[in-house]
Amino acid sequence: MSTTGTEPTSPPRGSGLRARLRGRSELGVCLILGVLGILVLTDAITMDTDITQRGPIGPTTVPLVVGVLLLVVAVLLAIDVLRGGHGEAESGEDIDLAEPGDWRTVALLAGVFLANAVLIGPLGFPISGALLFWGSAYALGNRNLTRDPLIAAVLSLITYVVFNNLLGVPLPGGPLMGVL
């Protein structure tokens, strides 16, 4: 059988939407950023601000800015990807993918965060925050048992004072409520 070129040819494999999107996985990131932006904007717009409004800049200002910026980044990234742009490959990290993960550190960090969630109510933020900061440093490998708890306590107190007194975001004080 000879082919004369007049027979109908089948379309190339994958000529639809899937083929056009192949190699453009960054569009998935654009979609996620867009959905997050819409969710943040929806939450900001529907937020009840009567009780928490203390000045000209209310609690919806930051979420509105973040939501708009998420949408802008999603659109700009999508335009770049559709014009042929793509992410750069990592040039070299100092990890060996053949080595197993450090599950002990992950378990310690998860335990520290769970302990903070349980203890923040009865102990208050200054104490549970200090335990969180010190426990995280310990889980990540810092073993100085005199300096680390001191730094953790100072960080926790500064965080408590900034949020509670300066920003007006009430954090539980626990037994230290009358002292602070």
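**A salt bridge to start**

Tutor: Arginine 147 pairs with aspartate 148 in a salt bridge, and their closest N and O atoms are 3.6 Å apart. Keep in mind that this is a predicted model.

Student: How many salt bridges does a search of the whole structure find?
Tutor: It finds 1 salt bridge.

Student: Why do side chains like that pair up?
Tutor: Opposite charges can pair when the charged atoms come close.

Student: Is aspartate 148 buried or exposed?
Tutor: Aspartate 148 is buried, because its relative accessibility is 7%, under the 20% cut-off. Arginine 147 has a relative accessible area of 41%, so it counts as partly exposed.

Student: Ok, zoom out. How many helices and strands are there?
Tutor: There are 6 helices and 0 strands. Along the sequence the pattern reads α-α-α-α-α-α.

Student: What share of the residues is buried?
Tutor: Of the 180 residues in the protein, 20% are buried.

Student: And the surface, what does it come to?
Tutor: The accessible surface is about 13,500 Å². Carbon and sulfur atoms account for 68% of that.

Student: What about contacts between residues at least 6 apart in sequence?
Tutor: Of those contacts, 58% join residues at least 24 apart.

Student: Let's pick a helix. Which residues of helix 2 are buried?
Tutor: Glu26, Cys30, Leu33, Gly34, Gly37, Leu41 and Ala44 are the buried ones in helix 2. They cover an arc of only 100 degrees around the axis, so they sit on the same side of helix 2.

Student: What covers the buried residues of helix 2?
Tutor: The cover includes helix 3. Valine 65 lies in helix 3, which runs over residues 61–82. The C-alpha atoms of valine 65 and glycine 37 are 9.7 Å apart, though 28 residues separate them along the chain. Valine 65 has 44% relative accessibility, so it counts as partly exposed.

Student: Now helix 5. What do its buried residues pack against?
Tutor: They pack against helix 4 (103–123) and helix 6. Among the buried residues of helix 5 are Phe125, Pro126, Leu132 and Ala139.

Student: What span should helix 5 have?
Tutor: Its 15 residues, 125–139, should span 21 Å. The end C-alpha atoms are 20 Å apart, which agrees.

Student: What comes just after helix 5?
Tutor: Glycine 141 takes a positive phi there, about 115 degrees.

Student: Last topic. Which residues form the nonpolar patch on the surface?
Tutor: Val154, Ile158, Val162, Phe163, Leu166, Leu167 and Val169 form the patch. Together they have about 620 Å² of accessible area.

Student: Where is valine 169 found?
Tutor: Valine 169 is in the segment after helix 6 (147–166). With a relative accessible area of 37%, valine 169 is partly exposed.

Conventions:
Residues are numbered from 1 along each chain as its sequence is written. This is a predicted model: local features need pLDDT of at least 70, side-chain atom pairs count only at pLDDT 80 or more; totals for chains, interfaces and linings use all residues. Side-chain values use heavy atoms; hydrogens and water are left out. Patches are made of residues with over 30% relative accessible area and no salt bridge: like charges are joined within 9 Å, nonpolar side chains (Val, Leu, Ile, Met, Phe, Trp, Tyr) within 5 Å. Accessible areas come from the Shrake-Rupley method with a 1.4 Å probe; for residues, only the protein chains shown count as cover. A salt bridge is a side-chain nitrogen of Lys or Arg within 4 Å of a carboxyl oxygen of Asp or Glu. Helices (H or I, at least four residues) and strands (E, at least two) are DSSP runs, numbered from the N terminus. Buried means under 20% relative accessible area, exposed over 50%, partly exposed in between (1.4 Å probe, protein chains only). The arc is that of the directions from the helix axis to the C-beta atoms. Contact means heavy atoms within 4.5 Å. The expected span of a helix is 1.5 Å times one less than its number of residues.
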